[in-house]
Amino acid sequence: MSALDTALDAIRAQLDALTRAGLARRRVSLDGAQRPRVSIGGETLLSFCSNDYLGLAADERIGLALIQAVQRYGVGSGGSHLVIGHTAAHDALERDLADFTGQARALFFGSGYLANMGVLGALAGREDVIVSDALNHASLIDGMRLTRARVARVPHCDVAAVGEALAHARDARARFVVTEGVFSMDGDTPDIPALLELCDRFDAWLVIDDAHGFGVLGRSGGGVLRHFDVRSPRIVYVGTLGKAAGVSGAFAAAAEPVIELILQRARSYIYTTASPAFVAAALQASLAIIREEGWRREKLGRLTAMLKTGLEALPAKLGRSQSAIQPLILGDNARAIGVSEALRRRGVIVSAIRPPTVPEGTARLRISLSAAHEEADVRLLLECLAAVMSGAPTWQPVSS
C-alpha cells in the first residue's frame with residue numbers, strides 16, 4: 001500500500017466517523033427558485049429552511065434591476081475594488097446602506113463571512129482583547145483567530161459576564177465586544193443597549209453581526225440598532241444581504257474613519273475580485289422594497305407568533321426566540337435527523353442542525369419563516385410535527 005493509499009484510508013475513516021455520529025452533511029439541489037415551496041429532484045416540498053425572511057429571493061423587480069445592470073456594466077467586475085473592479089453601482093449601494101442603517105459610511109463585501117473576517121482582522125490585533133459571546137457564528141470565531149488577540153469567551157447573552165471580562169481587560173491596547181444581533185441558530189437577541197453602556201464605561205468597541213436582523217427588525221427594517229434605537233460611534237455594524245435582502249453579499253457600517261481603516265486593511269476586501277456591479281444594483285432595488293413594503297415585516301411577525309404558540313404544545317424544548325428563527329431543540333443527533341427525515345416524507349423540509357454548528361447535546365430543527373409563507377403553511381408544519389414527534393422517529397446510521 002502506497003503512502004497515498006494510507007492517507008486516503010485515513011480520510012475515509014474520518015468520513016465514516018462523521019456518519020456514525022450523525023454529523024455528516026448532505027447537500028440538496030434545488031431545481032428552481034428559492035420560494036416557500038421548492039422543487040428538489042422533481043419533488044415539491046414545503047420549505048422552512050431558508051433565510052429568505054421577506055420573500056425577496058425570487059422577486060421579479062429585483063431580477064429586472066439586475067438585468068438592466070448587466071446591460072450597462074456587463075457580467076464580471078474584472079478586478080478587486082481597489083484596482084479596477086469598483087463601480088458607480090457599488091458607490092450608490094454603499095450610500096444607501098449607510099443611510100438605511102443610520103451610520104456614517106458603509107463598505108460592501110462579497111459575503112458575510114468575508115465581512116466578519118475583514119472587519120475583525122482590520123481593527124483588532126495581538127495586543128487587544130475581544131469579548132465574544134459563546135454562541136457567535138463561525139465567521140466571527142475565524143475572524144477573531146485571525147487577529148491573534150486574546151479572546152474572552154463569555155456565556156450566551158450574559159451582560160454581567162461581559163462586564164467582568166472588560167474589567168479584566170483594562171491593560172489591553174483596545175477592547176472589543178463581539179456579538180450577533182439575532183443569533184443564527186437560537187433566534188434570540190442580546191441586550192444591545194446594556195452592551196453599549198458597558199462599552200462606553202470600559203472604552204470598548206461594539207461589533208454586531210446582524211445577519212439575521214437586518215431587513216427584519218427595527219424601523220423600515222434597519223436592523224437591531226433601529227430596533228433598540230441606539231446609535232454610537234463605538235458601534236461597528238455588519239449586515240448580510242443574502243438573507244432578508246434576498247440577493248448576495250454583506251456590508252460593514254460605522255463611523256467614517258473606521259470604515260476607511262477597514263477599507264485599507266481588510267484582507268478579505270483588498271485581495272478578492274469585487275462582486276459584479278449587477279449584484280449591487282439588485283441590492284439597491286431590494287432596499288427600496290424593504291423600505292416601502294412594511295407589510296412583509298408585519299406578516300412575518302404574525303406568522304412567528306402563530307408558530308410559537310403551536311410549538312409550545314410539542315414535546316421538545318423551545319428557545320427564547322422572538323424572531324423568524326424558531327429552534328426546536330431535540331438534543332440527540334439521531335432524533336433530530338429522524339424527525340427531519342420523517343417530515344420530508346410528509347412533504348415538509350426542515351434542516352436538522354447538529355454540532356459543531358450548535359453545542360453538543362442541543363441538536364435541533366431550525367425552523368425559519370418567510371413573509372412568503374401563508375398561515376396554512378404554518379398550520380401544515382405544526383400538524384406534521386405533531387404527527388411525526390408522537391412516533392419519536394430516530395435515525396440509524398447505515399452500517400459499513
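## Strand pairing in the sheet

Strands E13 and E14 pair in the antiparallel sense over three bridges; two strands count as paired if DSSP finds at least two bridges between them. Within this pairing, Ser351 stands opposite Arg366 in E14. Strands (E, at least two residues) and helices (H or I, at least four) are DSSP runs numbered from the N terminus. This is a predicted model, in which local features need pLDDT of at least 70, side-chain atom pairs count only at pLDDT 80 or more, and totals for chains, interfaces and linings use all residues. Residues are numbered from 1 along each chain as its sequence is written, and side-chain values use heavy atoms, with hydrogens and water left out.

The open sheet has four strands in the order E10-E11-E14-E13, with antiparallel pairing. Strands E10 (317-318) and E13 (351-353) stand at the edges with a single partner strand each, so one side of each is left without a neighbour in the sheet. Strand E11 (residues 325-331) is joined to antiparallel E14 (residues 363-368) by six bridges. Gln326 stands opposite Ile367, and Gly331 has Ala363 as its bridge partner.

## Burial of strand E14

Six of the six residues of E14 are buried, meaning under 20% relative accessible area, with exposed over 50% and partly exposed in between (1.4 Å probe, protein chains only). Ala363, Leu365 and Ile367 point one way from E14, while Arg364, Arg366 and Ser368 point the other way. In a regular strand the side chains alternate between the two faces of the sheet.

## Helix H1

Leu18 is found in helix H1 (residues 3-20). At 38% relative accessibility, Leu18 counts as partly exposed.
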